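Welcome! Have a look at it first, and then we can walk through it together.

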Amino acid sequence: MQITLEDGLRSACDQIVDTSTFVRAVLSGRRRNMQVGFERIDIRLVEIKGVLNLQLMQNDGRATTTKNLAPDRVVVQELLDSGYANIMVESVSQVYSIRITKSGDAQVHIEKRESQQVLSHDKKKDRLLDSSDPFLLEVGIADAKGVIKPSRQDKYKQVEEFLRILSPALNAAIAAGHIQKPTVKTPLNIVDLGCGHAYLTFAAHQFLINSGIPVKVVGIDVRVESRDRNNAIAKKLGIESTIEFVAEEISKTTSQPVDIAIALHACDTATDDAIGWAVNGGAQLLLIAPCCHHDIQKQMDAAPEPWTALTKFGLMKERLADLITDSFRAQLLRIAGYRVEIIEFVAGEHTPRNLMIRAVKTDAKPDAIDIARYLEMSSQWGVIPALEKKLPTLNIR
Ligand SMILES: C[S@@+](CC[C@H](N)C(=O)[O-])C[C@H]1O[C@@H](n2cnc3c(N)ncnc32)[C@H](O)[C@@H]1O
């Protein structure tokens with residue numbers, strides 16, 4: 001439903017300041033020609049010393065800062081007007097999502113869904129994954145008491161932060177009509193490429209099912225042991241009808257096209273296989289956190305001057321090659337008709353590989369300048385990125 005931006009924001013504001021029904025809100029994305037202070041703001045209602053406050057968790061891509069505000073209409077309206085493109089407000093009876101288009105219109109989607117207010121100030125309640133969910137025990141992240149194992153804290157955090165990005169991206173894609181609203185008959189299809197021990201695969205499944213979203217999840221990994229272990233866990237948890245694992249090379253997978261492709265640290269060019277497979281299959285949303293990068297580094301024999309001043313230092317050459325690789329990936333995705341953002345999905349202390357490529361299919365025709373830039377980069381560095389070879393239909397040369 002399209003309404004005026006003013007009406008959409010006023011309604012969102014009304015719902016946030018109504019402390020008898022408000023549950024939480026998320027502000028993300030950036031409106032055209034506007035700058036935002038944070039990459040994402042989560043708002044929830046908390047009771048502190050008997051007083052109801054709005055708690056803002058503001059994430060700048062590196063760290064989250066928290067502040068508490070009185071539920072004041074003027075302040076909330078100002079925040080909603082500060083440049084965010086996606087606004088989701090959850091109240092006890094519905095989820096109200098606004099996507100502000102490039103032309104400044106508000107596309108509103110309302111989903112009837114019951115939620116409960118949780119007013120505790122306790123930080124644990126912010127968690128998307130219940131640490132006592134049996135899947136965490138089965139995959140080896142939590143112990144029998146539902147406590148996250150110290151050695152698995154970083155992986156747990158990576159997975160949870162990944163879901164924190166998946167959730168609004170999915171809501172926005174549904175609100176924009178890019179992904180059909182999932183139903184039991186036509187569930188959301190997600191594939192996790194290079195799933196390994198399937199921490200993320202199971203987490204995405206459990207999180208979406210618990211959020212009332214019918215889903216079919218497939219985990220792909222070349223290792224037969226992973227497939228057998230993960231399928232056995234799915235069976236033990238009684239969820240094998242909605243999650244399955246296959247042992248295949250990503251580039252040769254027999255899996256069907258999906259709505260969403262995710263990949264967390266698929267090694268080296270397996271990330272390119274994942275992006276290539278998802279793009280060729282027309283996936284609407286890609287959330288890809290790359291791992292090690294060797295492809296471009298191996299090809300970077302002679303750097304164009306004056307960059308030898310940098311590439312003569314092995315460490316810097318390696319880091320530069322990582323950035324160049326992901327720049328090529330982002331550029332190819334743009335050329336393939338995706339809107340691309342590069343974000344840090346989790347703080348660096350939980351993994352140095354904390355960059356994520358978030359790509360949403362828009363089918364926009366590529367600008368000639370984007371193709372020219374790509375070809376010029378490739379020519380200057382004397383490299384052909386692995387991903388290009390996996391996207392032959394782009395006919396880029
Ligand atoms: C670093 S692990 C990451 C696993 C998991 N996503 C996680 O974050 O815990 C990379 C996984 O990708 C798998 N892999 C690497 N190349 C692959 C390919 N070409 N096809 C399928 N799986 C691949 C490996 O077997 C390994 O399990």
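In which strand is the place of Arg-44? Arg-44 sits in strand β3, which spans residues 40–48. Please keep in mind that this is a predicted model.

**Two residues to start with**
- Arg-44 has 20 C-beta neighbours inside 10 Å, so this residue counts as buried.
- Leaving out residues up to four places away in sequence, Arg-44 touches Arg-24 and Gln-55.
- Val-23 is 21 residues from Arg-44 along the chain, and their C-alpha atoms are separated by 6.1 Å.
- Gln-299 belongs to helix α8, residues 295–299, and counts as partly exposed because it has 15 C-beta neighbours inside 10 Å.
- Apart from neighbours within four places in sequence, Gln-299 is in contact with Gly-382 and Val-383.
- Between Gln-299 and Val-383 there are 5.7 Å in space, C-alpha to C-alpha, although they are 84 residues apart in sequence.

**The seven-stranded sheet**
- Seven strands make up an open sheet with mixed pairing, in the order β11-β10-β9-β12-β13-β15-β14.
- Its edge strands, which each pair on one side only, are β11 (243–247) and β14 (338–344).
- From one strand to the next, the twist averages 15°.
- Seven bridges link β14 with β15 (residues 355–361), and these two strands pair in the antiparallel sense.
- Val-340 has Ala-359 of β15 as its bridge partner.
- As background, the strands of a sheet pair through backbone hydrogen bonds.

**Helices across the strands**
- Helix α5 (residues 199–210) lies across β9, β10, β11 and β12, and runs at about 175° to β10.
- Helix α10 (residues 314–335) lies across β14 and β15, at about 155° to β14.

**Around the ligand**
- The ligand is surrounded by 20 residues, the closest being Gly-194, Gly-196, Val-222, Leu-264 and Ala-270.
- Two or more residues of this shell come from each of α5, β10 and α7 (270–280).
- By type, the shell divides into eleven nonpolar, five polar and four charged residues.

**The nonpolar cores**
- The largest nonpolar core has 74 residues, and those with the most contacts inside it are Ala-204, Ala-261, Ala-274, Leu-285, Leu-286 and Leu-287.
- Helix α4 (residues 153–175) gives the largest share of this core, twelve residues.
- A second, separate core has 25 residues, including Ala-25, Leu-54, Met-88 and Ile-100.
- Not counting residues up to four places away in sequence, Ala-274 touches several residues, among them Leu-193, Gly-194, Ala-261 and Ile-288.

**Backbone details**
- Most residues other than glycine have a negative phi, and most peptide bonds are trans.
- Asn-33 has a positive phi near 60°, and lies in the loop between β2 and β3.
- Asn-33 is exposed because it has 8 other C-beta atoms within 10 Å.
- Asn-395 also has a positive phi, of about 45°, and is found in the segment after α12.
- With 6 other C-beta atoms within 10 Å, Asn-395 is exposed.
- Glu-305 and Pro-306 are joined by a cis peptide bond, with omega about 10°.
- Pro-306 is placed in the loop between α8 and α9.

Definitions and conventions. Residues are numbered from 1 along each chain as its sequence is written. This is a predicted model: local features need pLDDT of at least 70, side-chain atom pairs count only at pLDDT 80 or more; totals for chains, interfaces and linings use all residues. Two strands pair if DSSP finds at least two bridges between them. Helices (H or I, at least four residues) and strands (E, at least two) are DSSP runs, numbered from the N terminus. Axes are lines fitted to C-alpha atoms, for helices over the stretch in contact, and angles run from 0 to 180 degrees between N-to-C directions. Two residues are in contact if their C-beta atoms, placed from the backbone, lie within 7 Å. A residue is near a molecule or strand if its C-beta atom, placed from the backbone, lies within 6 Å of it. Ala, Val, Leu, Ile, Met, Phe, Trp, Tyr, Cys and Pro count as nonpolar, Asp, Glu, Lys and Arg as charged, and the others, Gly among them, as polar. A nonpolar core is a set of buried Ala, Val, Leu, Ile, Met, Phe, Trp, Tyr and Cys residues joined through C-beta atoms within 7 Å. A residue is buried if 20 or more other C-beta atoms lie within 10 Å of its own, exposed if 12 or fewer, and partly exposed in between; C-beta atoms are placed from the backbone.
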